[in-house]
Amino acid sequence: MLIHDRYGFVLTVVAALGAIAALVSLVRPRILPAVRVYLRVTIALVAVQVVIGLVLVATGDRPAQILHWLYGAATLLTLPLAMWVGGKLGGREQHIWVVGGAVLTVLFAFRAMATG
């Protein structure tokens, strides 16, 4: 098993914990600032995963399915995009966008693992 595969599993678990925390923040909005910090760290971890994947591709290793590229890119872009769009809205809408981005990140990460 490649480091990319192991790291992808750990990253999916980290993203799932962030999504759960984001969902809990809907009920307890006071934890939202901590959740945002956690999600920003998750974005950085996803970026590291992308770099690892690109290094593997450069050395000749290819994903099992071409859809892995799509799901990997979606995993990387969903949360930052949702946080950016939500930041333009403010208030409750911003919170909903952050939660949605966190949940979609987990779903895309899971699919990327399944197609890798």
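**Confidence and helix packing**

Modeller: In the protein chain, confidence is lowest in helix H3 (residues 67–89), with a mean of 92, and highest in H1, at 94. These values are pLDDT, the predictor's confidence in each residue, from 0 to 100. This is a predicted model, in which local features need pLDDT of at least 70, side-chain atom pairs count only at pLDDT 80 or more, and totals for chains, interfaces and linings use all residues. Residues are numbered from 1 along each chain as its sequence is written, and side-chain values use heavy atoms, with hydrogens and water left out.

Colleague: Why are H1 and H4 called roughly antiparallel?

Modeller: Helix H1 (residues 3–27) and helix H4 (residues 91–115) pack at about 155°, with axes 9 Å apart. Angles under 35 degrees count as roughly parallel, over 145 as roughly antiparallel, 65 to 115 as roughly perpendicular and the rest as oblique. H1 and H4 are therefore roughly antiparallel.

Colleague: What makes H1 and H2 roughly parallel or antiparallel?

Modeller: The axes of H1 and helix H2 (residues 32–58) come within 10 Å and cross at roughly 160°. By that cut-off, H1 and H2 are therefore roughly antiparallel.

Colleague: Which residue classes make up the contact of H1 with H2?

Modeller: The contact (heavy atoms within 4.5 Å) includes Leu11 of H1 and Leu45 of H2. The contact of H1 with H2 has 17 nonpolar, seven polar and no charged residues. Ala, Val, Leu, Ile, Met, Phe, Trp, Tyr, Cys and Pro count as nonpolar, Asp, Glu, Lys and Arg as charged, and the others, Gly among them, as polar.

Key: Axes fitted to C-alpha atoms, helices over the stretch in contact; angles between N-to-C directions. Helix = DSSP H or I, 4+ residues; strand = E, 2+ residues; numbered from the N terminus.
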